[in-house]
Amino acid sequence: MKILFVCLGNICRSPLAEGVMKKMCAERGLDWEIDSAGLIDYHKGELPDPRMMTTAERHGYKLTHRSRPVKTADFEKFDYIIGMSDYINTRIVRDAPHVPFHAKIKNVAEFFVETEDYDEVPDPYCGTMRDFEIAVQLIEDACKGILKELS
Ligand code: 4NP
């Protein structure tokens with residue numbers, strides 16, 4: 001299984017999702033390939049936002065991903081391309097080179113197990129530390145759902 005998580009800047013939500021999913025896969029002995037990317041290249045080469053790193057570390061996740069934009073080859077390579085919101089997904093679909101690839105593109109909210117009051121992982125970049133906490137809660141829930149559905 002190869003999964004790519006996508007957000008806007010690839011320094012908050014999707015590198016967190018990558019770190020959470022990788023840890024959960026390792027704990028279960030699953031040899032899945034997990035990566036993340038952004039719609040914009042503004043933060044290319046950067047580690048995740050320090051607020052995201054700190055919050056993730058508090059929950060036991062060490063984030064080492066370096067930001068990169070989505071590239072055309074990603075649509076061929078990955079089995080699932082999971083965006084963090086409808087807005088992100090609309091833009092991924094627009095950039096997908098071939099219509100058959102659209103079936104690979106999912107909204108992270110489709111995988112929520114216990115979460116009822118969100119239909120996306122809200123962008124914490126301009127928010128408070130509480131928004132980074134919420135991102136961890138939502139992404140942990142989605143990753144459990146991904147494992148349940150795809151493993
Ligand atoms: P992310 O958050 O999409 O979760 O990585 C953002 C990071 C950077 C920006 C926007 C959102 N930005 O505009 O630079």
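This report walks through a predicted model, starting with its sheet and ending at its ligand.

## The sheet

Let's start with the strands. They form an open sheet of 4, in the order β2-β1-β3-β4, with parallel pairing. The edge positions go to β2 (33-38) and β4 (105-107); each has a single partner strand, so one side of each is left without a neighbour in the sheet. On average, neighbouring strands here are turned by 25° against each other, direction ignored.

## How the strands pair

Going along the sheet from β2, the pairing with β1 (residues 2-7) is parallel and runs over 6 bridges. Here Phe 5 sits opposite Ser 36 in β2.

On to the next pair: β1 and β3 also run parallel, joined by 4 bridges. If you want a residue to look for, Leu 4 has Ile 81 in β3 as its bridge partner. Then comes β3 with β4, again in the parallel sense, over 3 bridges. In that pair, Gly 83 is bridged to Asn 107 in β4.

## Helices on the sheet

Two helices are worth a look here. Helix α4 (residues 86-95) lies across β1, β3 (80-83) and β4, and it runs at about 170° to β4. Helix α5 (residues 129-150) packs on the sheet too, where it touches β1 and β3. The direction of α5 makes about 150° with that of β1.

## Arg 91 and its contacts

Now zoom in on Arg 91, which has its place in helix α4. Leaving aside residues up to four places away in sequence, Arg 91 touches Leu 8, Leu 39 and Ile 40. Take Leu 8 from that list: Arg 91 and Leu 8 are 83 residues apart along the chain, yet their C-alpha atoms are separated by 9.8 Å.

## Around the ligand

Leu 8 turns up again at the ligand. The residues around the ligand are Cys 7, Leu 8, Gly 9, Asn 10, Ile 11, Cys 12, Arg 13, His 43, Asp 123 and Tyr 125.

What do the oxygen atoms of the ligand meet? A polar backbone atom of Leu 8 is 2.8 Å from an oxygen atom of the ligand, and a polar backbone atom of Gly 9 is 2.9 Å from a ligand oxygen. Asp 123 uses its side chain instead, with a polar atom 3.2 Å from an oxygen atom of the ligand. On its own, the ligand has 350 Å² of accessible area, and the protein covers 88% of it.

Technical notes. Residues numbered from 1 in each chain as written. Predicted model: local features only at pLDDT ≥ 70, side-chain atom pairs only at ≥ 80, totals over all residues. Heavy atoms only, no water. Near = heavy atom within 4 Å. Polar contact = N/O pair within 3.5 Å; in protein donor to acceptor, adjacent residues only side chain to side chain. Areas by Shrake-Rupley, 256 points an atom, 1.4 Å probe, with all protein chains shown as cover. Pairing = 2+ DSSP bridges. Axes fitted to C-alpha atoms, helices over the stretch in contact; angles between N-to-C directions. Contact = heavy atoms within 4.5 Å.
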